[in-house]
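Here are a few exercises to work through with the model open beside you. Try each task before you read its solution.

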Amino acid sequence: MKVLAILSQKGGVGKTTLATCLAVAAEQAGKVAAIIDLDPQATASFWKDVRQLDTPAVASIQPVRLPAMLKACADAGTDLVVIDGAAVARDVAYEAARHADFILIPTKTAVFDTMSMTHTLDVVRQLDRAFAVVLTFVPPQGQETADAIQAVAELGATVCPVTIGNRKAFFRAQAAGQAVQEFEPHGPAADEIRRLYEYTTIRLYNKAEAA
């Protein structure tokens with residue numbers, strides 16, 4: 001079993017959207033996936049409440065229960081666990097990162113968002129975990145994306161080669177309890193998630209997943 005953590009101590013950067021979409025992408029690739037929701041706002045759990053399908057499983061827990069829940073997932077034959085972290089709480093980020101095989105750190109392209117990411121980077125580096133920063137809510141044009149990439153690089157962090165656009169399809173899918181690749185399978189947002197899943201799979205397994 002592999003564990004992917006999606007962490008940022010800044011709210012509103014798309015953690016839950018990525019967690020739900022990547023878990024569904026894993027299922028579409030034939031894996032058994034589960035989401036562990038560590039956010040007190042329980043957004044992933046609300047998504048599950050309106051979802052019409054039984055999978056992926058979503059469990060909303062306190063961070064102290066994370067080791068036991070991961071063991072339960074492994075015992076149940078889960079292939080991929082996606083941890084949806086909480087904003088602000090450093091202890092939650094630390095506990096999630098401690099158990100992760102790979103970490104995605106989402107951030108918006110605004111300069112203040114990229115700078116606030118340093119707190120999450122500190123936690124991840126303290127634990128010496130593999131990670132990449134993924135830019136979210138990326139505008140269709142403008143200098144912001146290039147500036148954000150440069151800012152992340154100056155922080156010595158790996159930038160994910162896939163960016164996630166600021167697209168209405170993500171919000172509409174979330175409200176319907178779907179992943180964007182279910183809601184609009186041939187749209188650009190779905191393509192971004194497919195490419196992001198391929199990238200995270202390579203980082204998790206150190207090889208490309210067979211088609």
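Predicted model: local features only at pLDDT ≥ 70, side-chain atom pairs only at ≥ 80, totals over all residues.

Residues are numbered from 1 along each chain as its sequence is written, and side-chain values use heavy atoms, with hydrogens and water left out.

**Exercise 1. Work out how many helices and strands the protein has, and what its radius of gyration says.**

Step 1. Helices (H or I, at least four residues) and strands (E, at least two) are DSSP runs, numbered from the N terminus. The protein has ten helices and six strands.

Step 2. The radius of gyration is taken over C-alpha atoms, and the globule rule is 2.2 Å times the number of residues to the power 0.38. For 211 residues a compact globule would come out near 17 Å; the protein has 16 Å, which agrees.

Step 3. Along the principal axes, the C-alpha trace spans about 45 × 40 × 35 Å. Buried residues make up 51% of the 211 residues.

Step 4. Contact means heavy atoms within 4.5 Å. Of the contacts with a separation of 6 or more, 75% are between residues 24 or more positions apart.

**Exercise 2. Find the aromatic pairs and say which parts of the chain each one links.**

Step 1. Rings of Phe, Tyr and Trp (its six-membered ring) pair if their centres lie within 6.5 Å; planes under 30 degrees apart count as stacked, over 60 as edge-to-face and the rest as tilted. Searching the whole structure turns up two pairs.

Step 2. Phe 102 and Tyr 199 make an edge-to-face pair, with 6.3 Å centre to centre and 70 degrees between the planes. Phe 102 is in strand E5 (residues 102-108) and Tyr 199 in helix H10 (residues 188-205), so this pair ties together parts 97 residues apart in sequence. Both Phe 102 and Tyr 199 are buried.

Step 3. Phe 137 and Phe 171 form a tilted pair: 6.0 Å between centres and 35 degrees between planes. This one links distant parts of the chain, 34 residues apart, with Phe 137 in the loop between strand E6 (131-136) and helix H7 (144-154) and Phe 171 in helix H8 (residues 168-175).

Step 4. Now check accessibility. Phe 137, at 25%, counts as partly exposed, and Phe 171 is partly exposed too, at 46%.

Step 5. Stay with Phe 137 a moment. Its phi is positive, about 55 degrees, although it is not a glycine. A charge sits over a ring if NZ of Lys or CZ of Arg is within 6 Å of the ring centre and within 35 degrees of the ring normal; Lys 108 lies over the face of Phe 137, at 5.0 Å from the ring centre.

**Exercise 3. Which residues touch the most other members of the largest nonpolar core?**

Step 1. A nonpolar core is a set of buried Ala, Val, Leu, Ile, Met, Phe, Trp, Tyr and Cys residues joined through side-chain atoms within 4.5 Å. The largest has 34 residues, and Leu 4, Ile 6, Leu 104, Val 180, Ile 193 and Leu 196 touch the most other members.

Step 2. Helix H1 (residues 15-28) gives the most to this core, with eight residues.

Step 3. Apart from it lies another core of 31 residues, including Leu 7, Leu 38, Ala 93 and Ala 96.

**Exercise 4. How many disulfides does the structure hold?**

Step 1. A disulfide is a pair of cysteine sulfur atoms within 2.5 Å. The structure holds zero.

Step 2. For Cys 73, the nearest cysteine sulfur is that of Cys 21, 19 Å away. For Cys 160 the closest is also in Cys 21, at 14 Å, too far for a bond.

Terms used:
Buried < 20%, exposed > 50% of the residue type's maximum accessible area, 1.4 Å probe, protein only.
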